Amino acid sequence: MLSADLLRRFDVPGPRYTSYPTADRFVEAFKHDDYVGALQQRAEGAMVGGKKPLSLYVHIPFCESVCYYCACNKVITKHHERAQEYLDALEAEVGMHVALLGNQQSVTQLHLGGGSPTFLSDDELARLMALLKTSFRIVPGAEVSIEVDPRTVSPQRLRHFRDIGFNRISFGVQDFDPDVQKAVHRVQPYDSVRELMVSARELGYESINVDLIYGLPKQHPESFSQTVRQVAELRPDRIALYAYAHLPLRFKPQRRIDSADLPTAAERIAMLSGALSGFIGHGYTYIGMDHFALPNDALAAAKRQGRLHRNFQGYSTQPDCDLIGLGVSSIGRMGATYSQNAKTLPEYYDAIRQGIFPIVRGLALSRDDLLRRAVIMAIMCQGRLEFESIELAHLIKVPEYFRAELASLAPYVEMGLVVQEPGAIQVTAQGWFFVRAVAMLFDRHLQADKARERFSRII
């Protein structure tokens, strides 16, 4: 297994590369007109080469109570009537997309995130799904997923989610230890989560995911190993294991966490090492970075067959496609552009009332950005960079264009994390645990400014 020394060496901040360039590189000069142009290019391209499928992400910002660790864009409220105005705005935003792209564009992936999507009532979720199905064509076999706060649902609600079209579900667990749950203001007993997961399996959800976080207050290696065992016994199809990033200056809820309660760096590393060995020991496949999956899961199959992809939701079996982000703070990808909606409800609503897309920043990718995105995604998803395919697609010579980056791989080769072959770079089995560090070497923006404190730690 991985040595503590190696884990310590790579206990540094870095991007997650759900996109390249990363979202911190978006600029405020990218606005409504730029996004309209990207949509029009897609519409014109569809007329020539056929309609490529879409991915949809819908952000539901509302939560009834605050989780102190949370860094998501959210609105804490117990006033559920606020959801109606939000759904009205989403309907208008969807309508603007349909006006430019046409009705019934094929969608292969739909994800509801937040906040807490389950803040919405059953009728409100049914209304939202009806809107999306009327406006887009959710193709047979599409991945239709929803993030669930276990405190807000019952087995009956899970049945309703299946009835309106969801086939994948993700439970936010974080940790089962009662002291940790109290410290982060998210109390949800193991037995209640277990009941929900049993129900989800009986209802035929195609994939059940559990989110965990290590590095939270009151956590220690022994307690977290118990959570790992409990989760493994529940046998979710997938597990996402994230490192907590304590950034109280950026995220106000984190100021309620006493930094003295946070585990030490050595304890964090021990928790990560124990979780890696624990889940692998319980038969899970390590997909990469934070992801694990059972061997028969589609994600594990994609890993074995070299078909992994990566998007704003993390590792995926879905090929690269345009992504429409709906709702406050949502990020989208359209052609060679990225865009992000307004981060506050007043600003979002104001744009919708004016009949314009609520885009507040984004990026039109340069030739270099597109090249490096291809390189970084090859490393992140396949663990292998074939020079020839990059050279043919981008009309460059890899050894010349990336001379400095290839030279910087030398220490990784010495550590046994990377093998440099004639015409290729191969990440080793051990190197796969540190794939973000390898990808970071090819990030021009990151290497230029070295300002990494805004990112989570790479292990």
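Helices (H or I, at least four residues) and strands (E, at least two) are DSSP runs here, numbered from the N terminus. Welcome to a short tour of a predicted model, in which local features need pLDDT of at least 70, side-chain atom pairs count only at pLDDT 80 or more, and totals for chains, interfaces and linings use all residues. Residues are numbered from 1 along each chain as its sequence is written, and side-chain values use heavy atoms, with hydrogens and water left out.

- Most residues other than glycine have a negative phi, and most peptide bonds are trans.
- His 185 sits in the loop between helix H6 (178-183) and H7, and its phi is positive, near 60°, although the residue is not glycine.
- With a relative accessible area of 35%, His 185 is partly exposed; that class lies between buried (under 20% relative accessible area) and exposed (over 50%), using a 1.4 Å probe and protein chains only.
- Arg 235, in the loop between H8 and E8, is another non-glycine residue with a positive phi, about 55°.
- Arg 235 is partly exposed too, at a relative accessible area of 32%.
- Tyr 20 and Pro 21 are joined by a cis peptide bond with omega near -5°, and Pro 21 belongs to the loop between helix H1 (4-9) and helix H2 (32-49).
- The bond from Gly 114 to Gly 115 is also cis, with omega about 25°; Gly 115 falls in the loop between strand E4 (105-114) and helix H4 (122-135).

**Helices H7 and H8**

- Two packed helices are described by the angle between their axes and the distance between the axes.
- For helix H7 (residues 190-202) and helix H8 (residues 221-234), the angle is about 25° and the axes are 11 Å apart. That makes H7 roughly parallel to H8 (angles under 35 degrees count as roughly parallel, over 145 as roughly antiparallel, 65 to 115 as roughly perpendicular and the rest as oblique).
- Axes are lines fitted to C-alpha atoms, for helices over the stretch in contact, and angles run from 0 to 180 degrees between N-to-C directions.
- On the H7 side, Tyr 190, Arg 194, Met 197 and Arg 201 meet Gln 230, Glu 233 and Leu 234 of H8, where contact means heavy atoms within 4.5 Å.
- The residues of this contact divide into 3 nonpolar, 1 polar and 3 charged (Ala, Val, Leu, Ile, Met, Phe, Trp, Tyr, Cys and Pro count as nonpolar, Asp, Glu, Lys and Arg as charged, and the others, Gly among them, as polar).

- Strand E7 (residues 207-214) is mostly covered, with 8 of its 8 residues buried.
- Strand E6 (residues 168-174) pairs with E7 in the parallel sense over 6 bridges, and Ile 169 stands opposite Ile 208; two strands pair if DSSP finds at least two bridges between them.
- E7 also runs parallel to strand E8 (residues 238-243), joined by 6 bridges, with Ala 243 in E8 as the bridge partner of Tyr 214.

**Val 328**

- Val 328 lies in the loop between strand E13 (322-326) and strand E14 (331-334) and is buried, with a relative accessible area of 1%.
- Its C-alpha atom is 7.7 Å from that of Ile 60, 268 residues apart along the chain.
- Beyond its neighbours within four places in sequence, the contacts of Val 328 include His 59, Pro 61, Tyr 86, Leu 345 and Tyr 348.
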